[in-house]
Amino acid sequence: MNLELVKEYVKNKHEGQKRKQRTPYYFHPLKVQQILQEKGYSEEYQVAGLCHDLLEDTDATEQEILDLTNEEVLKAVKLVTKEDGYKMQQYINRISENPMAKAVKLADRLHNLQDAPLASKEFQIKYRRETEKWYLKLAEGTMFEEEIREAYQKLLK
């Protein structure tokens, strides 16, 4: 796997997309990868962090992701991808059973919480509720727990 090649692929696939905060979308997967790197996760986990939104938000295919990465990364990406009509409890359950998917999802949630104050109040309220109901428990006992709790608390103010 080539981290730089995956970064370029992700950047190209998210080209033209903007986040709710109006920043280029590809900044987000790059930040998720950086969070995983800072926490000491392997390059494989970092690559999954880069790819985590490809199936959900771009025209990337599973085969393209597999060609760039490996089966474990593709599996984690598929687990964190929300399909139409998904049930949140099932989504959280499947993520919690795969260490790579769980780390990627928690890094994703952490970055989104850190960016949430730049989004609309409506988005902040939705994100706060989701975090309280689902992600604080998912983060328990992980190296993400403290930072996710802190970022969540900032949204309460």
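Let's start at N112: setting aside neighbours within four places in sequence, N112 is in contact with R19, H28 and Y127, where contact means heavy atoms within 4.5 Å. N112 is found in helix α8; helices here are DSSP runs of H or I with at least four residues, numbered from the N terminus. Before I go on, a word on what we're looking at: this is a predicted model, where local features need pLDDT of at least 70, side-chain atom pairs count only at pLDDT 80 or more, and totals for chains, interfaces and linings use all residues. Residues are numbered from 1 along each chain as its sequence is written, and side-chain values use heavy atoms, with hydrogens and water left out.

Back to N112. Is N112 buried or exposed? N112 counts as buried, because its relative accessibility is 10%; buried means under 20% relative accessible area, exposed means over 50%, and partly exposed is in between, with a 1.4 Å probe and protein chains only. One of its neighbours is also a polar partner: the side chains of N112 and R19 make a polar contact at 3.0 Å. By polar contact I mean a pair of N or O atoms within 3.5 Å; within protein, one must be able to donate a hydrogen and the other to accept it, and residues adjacent in sequence count only if both atoms are side-chain atoms.

N112 also takes us to the largest pocket. Which residues lie nearest the centre of that pocket? They are Y25, E56, D57, N112 and Y127, out of 22 lining residues. A pocket, on a 1 Å grid over the protein atoms alone, is an open set of points where a 1.4 Å probe fits, with protein on both sides within 12 Å along at least five of seven lines, and lining residues have an atom within 4 Å of a point. The space in the largest pocket is about 460 Å³. The lining divides into 12 charged residues, five polar and five nonpolar. Helices α4 (54-57), α8 and α9 (121-139) each supply at least two residues of that lining.

Now to H14, in the loop between α1 (3-13) and α2 (27-38). H14 counts as buried because its relative accessibility is 1%. Its side chain makes a polar contact with the side chain of Q17, at 2.6 Å. Leaving aside neighbours within four places in sequence, H14 is in contact with Y25, Y26, P29, D53, L54, D57 and T58. G16 sits in the loop between α1 and α2 too, but G16 is exposed, with a relative accessible area of 70%.

Next, helix α6 (71-80). What caps its N-terminal end? N70 does: a side-chain oxygen of N70 lies 3.0 Å from the backbone nitrogen of E72. The buried residues of α6 are V73, L74, A76, V77, L79 and V80. The cover over those buried residues includes α3 (43-51), α4, α5 (62-68), α7 and α8. Take V77: its relative accessible area is 1%, so V77 is buried. Not counting residues up to four places away in sequence, V77 touches A48, C51, H52, L55 and I65.

K75 is in helix α6 as well, yet K75 is partly exposed, with a relative accessible area of 44%. Between K75 and A48, the C-alpha to C-alpha separation is 9.1 Å, and they are 27 residues apart in sequence. Y86 counts as partly exposed because its relative accessibility is 33%.

Conventions
Grid points are joined across faces, edges and corners, and a volume is the space filled by probe spheres set on the points. Ala, Val, Leu, Ile, Met, Phe, Trp, Tyr, Cys and Pro count as nonpolar, Asp, Glu, Lys and Arg as charged, and the others, Gly among them, as polar.
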